[in-house]
Amino acid sequence: MSELGTLQVIWAAVVVLTAAAGEVEVGVRRRNAYATMMYMGTPRDYEFYVATRVMLRSLSRLDVDADRVVIASKDVPLLWVKAMKEEDGVKVVSVDNMKNPYEKQSNFDNRFKLTLNKLYAWTLVEYDRVVMLDSDNIFLQKTDELFQCGQFCAVFINPCIFHTGLFVLQPSMVVFKNMLHELERGRENPDGADQGFLTSYFSDLLDRPLFHPPLNSSKLNGTYRLPLGYQMDASYYYLKLKWRIPCGPNSVITFPSAPWLKPWYWWSWPVLPLGLSWHERRRNTIGYGAEVPVVLIQAVMYLAIMAVTRLARPNLSKLCYNRHPEKSLLFFHTMLKMVAIWSILAAYMVPFFLIPHTVNPLLGWSLYLLGSAALSSIVINVFLLPPLAILTPWLGIIGTLAVMANPWYPDGVVRALAVFAYAFCCAPFLWGSLVKIMASLHVFIEREAFFPRLGESPQPPEFTKLY
């Protein structure tokens, strides 16, 4: 074979291999995507970052046949972006924050200022269909059949208003540009957020037919209402403590309630039974590596406080000497009583706010109980108060958690009645502990532990009397 012929054969082989590689590349290309958004500027940025990662990892564990995409504003920390790309295997699309023209509305909530970034989902034109998600969704099963829906599909969890926590769309730059035009001309928006704009933009969705996925896996055209099972409001569960949604597959749970009751907060369980379900998904996906060191440090700190307080108790007790009452000290006595009361309240409140918000509920409540017991020990020893009276609320909290965590209630109504009955039974004990605390404070104040008379030198040890 001539040299020219050899080169032609090699070139033909290269062309064939390149074409084959191209076919493989096209073959692995995902035609659809699950997408969510992330932006900065709220007090809960980190919590939503964690929630987003857990949701996307959960989708991966369900083996969905779609890309997972995060539409992230350009101010999202690079470390977060790197973690999502390298550890979670998601695609991150960086965008500029979309200006919200509804900021001056009287009912505008500033925490929804950047939610219009969700409209960028229509720019993902490399995909046939996109399921746009909020980060507070829990997937119970695979939902790839949603990619068969039409140009826009959403769930009505309210009788008249669809929910934008999950919706299906067909990306289109034409639609995206039209939405921008509608924003510029001031289309009506009841809440100034993505929810109000999209319900106004797709105002006829209520009259559209219900989505049923075609058996031949083909894609539908038009707009459709999605069955309620694709956005099951968590409040439905709390009534029956089980899912009974007859409309469509029971696939996705959403939490549209108050922000501080989102499932990733440690106090969400057992107050809300589904909180532990979300944390179980986190444990199986990204874990708690970021929070555990903080939890360990706080636990060691509380144990040290309890040990030091116990060792220093004899010295603290020596502060209580018998002194003659003096009317000029009335103001200080009143202030001392106020300090004692506020110290008791702080012992129960401070640990709550120090615990990392997204830690596992079992760790969170354990750390809270340890912290409140440690700080209560300071109050007990400094003000010489009866330990049982101070720790009565602590014991009551343990009982409340046990009552709420009981898994054998037949429904949510019985559970609520059990909690109210327990609170009713605890009320007399709390009142009795308060009365005892106030009586002990009165005795303590009369001893004038911290306020010797002005100009009076301390009495010699032989004249002191220890109580």
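1. Helix α8, which spans residues 275-283, has Gly 275, Trp 278, His 279 and Arg 282 as buried residues in this predicted model. These residues lie on the same side of α8, because the arc that they cover around the axis is only 95°. As for what that side meets, the buried residues of α8 pack against α2 (45-61), β5 (137-139), α7 (268-271) and α11 (361-383).

2. Trp 278 also belongs to one aromatic cluster, in which the other members are Phe 48, Trp 264, Tyr 265, Trp 266, Trp 267, Phe 352, Phe 353, Trp 365 and Tyr 368. Over the whole structure, a search finds 28 aromatic pairs. One of the pairs is formed by Trp 122 and Phe 167, whose rings are stacked, with 5.8 Å from centre to centre and 25° between the planes. This pair links distant parts of the chain, since Trp 122 sits in the loop between β3 (91-95) and β4 while Phe 167 belongs to strand β7 (residues 163-169), the two being 45 residues apart. Trp 122 and Phe 167 are both buried.

3. Helix α11 also contains Ser 376, a residue that counts as buried because its relative accessibility is 0%. If residues up to four places away in sequence are not counted, Ser 376 touches Ala 347, Tyr 348, Ile 390 and Leu 391.

4. Val 69, found in strand β2 (residues 67-73), has a relative accessible area of 1% and is therefore buried. Which residues is Val 69 in contact with, leaving aside its neighbours within four places in sequence? They are Ala 33, Tyr 34, Ala 35, Thr 36, Lys 91, Val 93, Leu 124 and Tyr 127. Between Val 69 and Met 132 the C-alpha to C-alpha distance is 9.4 Å, although 63 residues separate them in sequence.

5. Confidence should be kept in view when any of these features is used. The protein has an average pLDDT of 86, and 86% of the residues score at least 70. Among its elements, strand β4 (residues 129-133) has the highest mean pLDDT, at 98, whereas helix α1 (residues 3-28) has the lowest, at 39.

6. Two stretches call for separate mention. Over residues 1-27 the pLDDT stays under 50, and the model has 2 contacts beyond four places in sequence for them. Over residues 460-467 the pLDDT likewise stays under 50, and here the model has 11 contacts beyond four places in sequence.

Definitions and conventions:
Residues numbered from 1 in each chain as written. Predicted model: local features only at pLDDT ≥ 70, side-chain atom pairs only at ≥ 80, totals over all residues. Heavy atoms only, no water. pLDDT = per-residue confidence, 0-100. Helix = DSSP H or I, 4+ residues; strand = E, 2+ residues; numbered from the N terminus. Contact = heavy atoms within 4.5 Å. Buried < 20%, exposed > 50% of the residue type's maximum accessible area, 1.4 Å probe, protein only. Arc of directions from axis to C-beta. Phe/Tyr/Trp six-rings, centres within 6.5 Å; stacked < 30°, edge-to-face > 60°.
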